[in-house]
Amino acid sequence: GSHPGKRSSTLLGAASSDCRSMGFFRVFLKTVKILFIVFLLFAAYTVFRPVTLPQCFVKYLCDKYTPQNYVAKCAKMRYCLLDGIVVDEVKLFDSSRKELLKPMYSMRDFSYNPITRHIKVHSPKFLRLADSYYSSLCVERDRDINLNLPLIKKHSFELIAPEILGLSPGTVSGAFEITDTKVLLSDITITWIRAGEEVALKGNVEVDMTANTLQGRVEGRSAVEYIRPFLVALDVPVAVEYMDMFSDIPEPVPVSCSWQVNLNNADMKILIHLSSKLGAYRGVPIDKVKGEMQIEGWTRGTNFIFKTRIGPLTAVDPKGRKLEGALVFSGSRYEPTRIDVNAKSDFKLEDVANFTEVLADGVLDRVTCSSSPQLEFAGIIATSLSDKAANNARGRCMIPDGAFFGVPFNSAAFDFSAFNTKVFQKPTFRL
């Protein structure tokens, strides 16, 4: 048989065990509640007050995600629910550059809000391309660029007061995303403030990681003083020289620009379209101009080759007279810069002489005319005295009526040519 107290003693033991379990459960619930309250207090604190992350953790992130041959530095990193992650005083150094102590890229601060997917950068600076781009000892490069970028969904971004290759707008905004094969920057808006008026360019940029190309397009309104520093940073002196010949431009002009860069060998092409009112070119008044400028640069072997084409171009003076034509500046490390000219004009005679450097040396000083002449001109003109041996150009200036050394004529034609260092002319008059 069974012991009479066995059942009751078993029940008492079970009750005691249940009590201990309930007590442990109550303690666990209280602990979870306290931790939850602490978490809420911490979250409430981080809404308004950022928490600074340990510097050793920041250094670990910089070292882990910085590409080889580059060094990243930042003063501190902090987190706040309102602002997200904020990184202060970011600097990126390129160990291949001559000036190792000057950062290749820097910014005052960088913030990322994972909730809104928005990135904001204050004062980003990228002033120069790689040293090899500017070196006369350039060497052709032909290798694939393996970026291995992570997949990133569409985020918005805003750059405040950037300085990027000479461009210094007030703000740059847009969106970006990274797919399996492309980096896409869309809805880009570049804004300057000029005399209280907003001047903006809008466009898109695409990096194709399969074809290893970078291409983009912007259009809107801009001014010479905004674009000129960009051409200086790209080291295109010929284009800058002729851009400086435009003066008295009253307001920002409509412009569109597209570009393409081969990331394998750094071949570059830039195309700029203009259609606007202008002030003057080399002192000659111009009412409006329509045309394009194309800039190309590439390296083959150790030879850097460039070509800048201005035109087809149509300019109209205040009286409705036209100048049509094109200028092509080309050269390389081993060859002198030369100008290929193809022009036709019915501007005033003195204005024609100012436009064409060949006729600006006194060839037509003794000719006066009452009607606009017509100019046809084509050939090669060197841009410096030391390279005049490359000259090979011909043209004709036809004058309806006028006088030569005070002797009147009904019509005249000046056939001229520039060959080597001399200018030849053959006048024909009809009295």
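In E18, which residue is the bridge partner of Ala 280? Select Ala 280 and look across: the partner in E18 is Pro 285.

Before moving on, a word on what you're looking at. This is a predicted model, where local features need pLDDT of at least 70 and side-chain atom pairs count only at pLDDT 80 or more, while totals for chains, interfaces and linings use all residues. Residues are numbered from 1 along each chain as its sequence is written, and side-chain values use heavy atoms, with hydrogens and water left out.

Stop 1: Ala 280 takes you to strand E17 (residues 280–281), which pairs with E18 in the antiparallel sense over two bridges.

**Stop 2: a ring pair.** (Rings of Phe, Tyr and Trp, the last by its six-membered ring, pair if their centres lie within 6.5 Å; planes under 30 degrees apart are stacked, over 60 edge-to-face, the rest tilted.) Trp 192 sits in strand E11 (residues 182–194) and Tyr 226 in helix H4 (residues 224–233), 34 residues apart. Both Trp 192 and Tyr 226 are buried, meaning under 20% relative accessible area with a 1.4 Å probe, protein chains only.

**Stop 3: Gln 294.** Jump to strand E19 (residues 288–300), where you'll find Gln 294. Its side chain makes a polar contact with the side chain of Glu 296 at 2.9 Å; here that's an N or O pair within 3.5 Å, one able to donate a hydrogen and the other to accept it. Leaving out residues up to four places away in sequence, Gln 294 touches Lys 269, Ile 270, Leu 271, Lys 307, Thr 308 and Arg 309, with contact meaning heavy atoms within 4.5 Å.

**Last stop: colour by pLDDT.** That's the predictor's confidence in each residue, from 0 to 100. Confidence is highest in strand E10 (residues 171–178), at a mean of 94, and lowest in strand E29 (residues 422–430), at 61.

Notes
Helix = DSSP H or I, 4+ residues; strand = E, 2+ residues; numbered from the N terminus. Buried < 20%, exposed > 50% of the residue type's maximum accessible area, 1.4 Å probe, protein only. Pairing = 2+ DSSP bridges.
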